[in-house]
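The following questions and answers guide a first reading of a protein model. Please keep the sequence and the structure in view while working through them.

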Amino acid sequence: MLMRNIVSREELRKRMEADIRPYTTISFYRYYSIPNPEEFRDLLYADWQNFEVVGRVYVAKEGINAQIALPSEYFEQFKEALYKIDFLNGIRLNVAIEENQKAFIKLDLKVRNKIVADGIEDPDFNPADRGKYMEADEWNKAMADPNTVFIDMRNHYESEVGRFENAKCPDADTFRDELKFVIDEYNEDKDKRILMYCTGGIRCEKASAWMRYKGFNEVYHLKGGIINYVRQVKEQELENKFKGVNFVFDQRLHERVSDDVLSECHQCGKP
């Protein structure tokens, strides 16, 4: 079976635009030791052809990171197949806030050194030894605690257009820069409660493990990130404390969470 796409991007885009079926966009990740990521990648590629999956997926020895979309008619079948993989059984699937939008045009399923580039070379570090999860209702209550250190673990251009109230937003271009920043900046706060968040949970989960490894005693992160927070807020009718838009790394570019406009265009100066 051919394990790569041979159709031009232009043709793929035309096909997607002509497809009138509703699509479901989801993301998921899991830090887990995968001895042979190349073999696992090929198994996924072959299986996911059955569900017309498109998107971007990274597989590495430390786990899997997936941002994908598929025709909504196949979603339950896809989930059933995914859950047959032992370490992915029951995994939380973050469904996009704005459903039915076309986020991808093809499937890129790649083997990488890491599912999130972090610059960490320490062989003793285990990204699965994470901090504690926090649900949306707990998160809202914790934000009122003045002794909590509240950190946005995304790049500066992401937090610029949308963020939680009173969050500390590192002026960083990459995740590896953010990891160095939080260790250096908050080294004197190792006994305080640390709360971190990101888009879907994958970056703040690794950051929570790194901070624990570096001696921080009480580290939490938002379960499922902003995507899951917004869904819980809607389902449970909670107060939404996230302002602006949630930056996403696909063709949609963002999902609007609130009507607040927090920044101006760097080129034209308009909101």
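**Overall organisation**

Q: What percentage of the contacts with a separation of 6 or more is made by residues 24 or more positions apart?
A: The model discussed here is predicted. Among the contacts in the protein chain with a separation of 6 or more, the share that belongs to residues 24 or more positions apart is 74%.

Q: How many helices and how many strands are there in the protein chain?
A: The protein chain has 271 residues, and 49% of them count as buried. Its secondary structure consists of 8 helices and 12 strands.

Q: How many residues of strand S10 are buried?
A: Strand S10 covers residues 218-222 and is mostly covered. Of its 5 residues, the number buried is 4.

Q: Which residue in S10 is the bridge partner of Met134?
A: Strand S6, residues 132-134, runs parallel to S10, and 3 bridges join the two. Within S10, the bridge partner of Met134 is Leu222.

Q: Which residue in S10 is the bridge partner of Ile194?
A: Strand S9 spans residues 193-197 and is joined to S10 by 4 bridges, with the two strands parallel. Within S10, the partner of Ile194 is Val219.

Q: Which helix makes a β-α-β unit with S9 and S10?
A: The unit is right-handed and contains both S9 and S10. The helix in it comprises residues 202-213 and is H7.

**Thr199 in the loop**

Q: Is Thr199 buried or exposed?
A: Thr199 is placed in the loop between S9 and H7. Its relative accessible area is 10%. A residue counts as buried under 20%, so Thr199 is buried.

Q: Which residue's side chain joins that of Thr199 in a polar contact of 3.1 Å?
A: The side chain of Thr199 makes a polar contact of 3.5 Å with the side chain of Glu158. The polar contact of 3.1 Å joins the side chain of Thr199 to that of Arg203.

**Cysteines**

Q: How many disulfides does a search of the whole structure find?
A: A disulfide is a covalent bond between the sulfur atoms of two cysteines. A search of the whole structure for such bonds gives a count of 0.

Q: Is Cys198 buried or exposed?
A: Cys169 has a relative accessible area of 32% and is partly exposed. For Cys198, the relative accessibility is 1%. Since the limit for a buried residue is under 20%, Cys198 counts as buried.

Definitions and conventions:
Residues numbered from 1 in each chain as written. Predicted model: local features only at pLDDT ≥ 70, side-chain atom pairs only at ≥ 80, totals over all residues. Heavy atoms only, no water. Buried < 20%, exposed > 50% of the residue type's maximum accessible area, 1.4 Å probe, protein only. Pairing = 2+ DSSP bridges. Right-handed = clockwise from strand over helix to strand, strands pointing away. Polar contact = N/O pair within 3.5 Å; in protein donor to acceptor, adjacent residues only side chain to side chain. Disulfide = S-S within 2.5 Å. Contact = heavy atoms within 4.5 Å.
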